[in-house]
Amino acid sequence: MLLKIIVSLFTLLIVAIAIIGYTPLPEGVQNPYKTQVLMGVFKILHFVMHVREYLGYDGLLNSIVKFQSEIILEGETYSSKYGDVEVKRTKMANIPVILYKPHSLTDQLSPALIYFHGGGWVIGTADEMDIKAYDYAKSTNIIVINVDYRRAPDFPFPIPAQDCVEVTRYILQHGDQFGIDVNKVGVGGESAGGNLAAVVSLALLNSDLPSLKYQVLTYPVVQGFNLHLPSYVDNNTTMPILTAGMAGAFLSLYFGLDKHKTDYYAKVISENRHISPEFRKSKYSEYVNVNLLPKEFRTPNKTAPVVTEPYDPQVAAKVEPIIINPLFSPLMAPDLSGLPPAYIHVCEFDILRDDGLMYARRLKDAGVSVILHFGYGGYHGDTMFPDIMGSQSGRDGFKTACDFITRILKL
């Protein structure tokens, strides 16, 4: 009898997990079976997060932040075990970095990629993107600098951006000490890291330092003005690896809002109640106009969420000056001319798809050379671990990015 009860309870548990974790995937997503499992894991994590909060514990995001703050990054990285790339920790501008130098390089100065990891400016470390940085070094045969910038909530905007700018400045001033040709340096990153790469390119545009040669922006977030763009509406619930609510939570912490009220602020931001109606009608709205999108993406396929609650004036007072600051939102820069050539990767089923498409359009309109790679069937994060995720979009995106770098550098 006891065995039957245990088996029945276990069966119910499996069924409950399957129901909670099931996500109806959009037609056309790549490798749907493996993707279904991955999205199920993320959906279950969301469920666990809500249960924890209901029981009075810290939310999952804040728990991860607390856990990461206690990690000391030291010792050998995993990639150093391969033996074909010299990997070492050092500091540049007093910011920890990991430097990757392929053994195949000669004693001559080498081009370089300065890489900024993703994670919503809140989570993630340079160590967690160790293999990705190694892959860039190995595939392009150049030096890669993987930057461990400070993160929110302890270090909100503009500190992460300033860290990345200062590391880049340091390399452009002292790169020869690390075997780097300062006239052949570019920046790159994924998601929030893509934002930081675009920000660094803007910040150093008119400096007295050697010009950056290129920027690699993989599904970058480039604005916080409108979280109801068509890509947000269509992909918010179908691909839970990054939802509007999660984006709102990351933004709230990066803005410097109270981390103990992250759930509330995430809701306000994801519902577009973080700025005033007057601000939404201001000149800045033209930088986030759906007419900047290709015609097939200007209208969402789903019905946009109906918001009945008013905007929060206290939140608006805090975030509106940040939203129009190009150090946060490159899309808000009035003039993008003169920026280095850009590679932009966007994914079909990513809430940030329209951010990348709009930025590509504005860069082209400003006369900047742009390679736009559209990842059909892809989703947010698919280039980070493309083999694990089984994403051809991710594999193609990474290869195309490497081809772009080597072509720009004429390697």
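I began with the lining of the largest cavity, where strand 7 and helix 14 (392–409) each supply at least two residues. Helix 14 gives the largest share, three residues. My notes on helices and strands: both are DSSP runs numbered from the N terminus, helices being H or I of at least four residues and strands E of at least two.

A word on the model before going on. It is a predicted one, where local features need pLDDT of at least 70 and side-chain atom pairs count only at pLDDT 80 or more, while totals for chains, interfaces and linings use all residues. Residues are numbered from 1 along each chain as its sequence is written, and side-chain values use heavy atoms, with hydrogens and water left out.

**The cavity**

I searched the whole structure and found one cavity of 30 Å³ or more. The largest cavity holds about 30 Å³ of space. For a cavity, I took a set of points on a 1 Å grid over the protein atoms alone, where a 1.4 Å probe fits but cannot get out; lining residues have an atom within 4 Å of a point. Grid points are joined across faces, edges and corners, and the volume is the space filled by probe spheres set on the points. Among the lining residues I noted Tyr136, Glu190, Thr218, Tyr343 and His345. The lining also includes Thr383, Gly397, Phe398 and Ala401.

Eight of them form an open sheet in the order 1-2-4-3-5-6-7-8, with mixed pairing. Strand 1 (85–92) and strand 8 (370–375) are the edge strands, each pairing on one side only. From one strand to the next, the twist averages 20°. I counted two strands as paired if DSSP finds at least two bridges between them.

Strand 7 (residues 342–347) runs parallel to strand 8, joined by six bridges. Here I found Ala342 opposite Val370 of strand 8. Helix 12 (residues 353–365) lies across strand 6 (214–218), strand 7 and strand 8, and runs at about 150° to strand 7. Such angles run from 0 to 180 degrees between N-to-C directions, with axes fitted as lines to C-alpha atoms, for helices over the stretch in contact.

**Strand 5**

Buried means under 20% relative accessible area, exposed over 50%, and partly exposed in between, with a 1.4 Å probe and protein chains only. Strand 5 pairs in the parallel sense with strand 3 (residues 110–116) over six bridges, and Ala112 has Val185 as its bridge partner. Strand 5 also pairs in the parallel sense with strand 6, over five bridges, and there Gly189 stands opposite Leu217.

**A loop and a helix**

I then checked Leu209, in the loop between helix 6 (192–203) and strand 6. Leu209 is buried, at a relative accessible area of 14%. Leaving aside neighbours within four places in sequence, Leu209 is in contact with Arg169, Leu172 and Gln173; contact means heavy atoms within 4.5 Å.

In helix 4 (residues 130–140), the buried residues include Asp130, Tyr134 and Tyr136. Just after helix 4, Asn141 takes a positive phi of about 60°.

**Cysteines**

Last, I looked for disulfides, meaning pairs of cysteine sulfur atoms within 2.5 Å, and the count came to zero. Cys347 is buried at 0% relative accessibility, and Cys402 is buried at 5%.

Terms used:
On a 1 Å grid over the protein atoms alone, a cavity is a set of points where a 1.4 Å probe fits but cannot get out, and a pocket is an open set with protein on both sides within 12 Å along at least five of seven lines; lining residues have an atom within 4 Å of a point.
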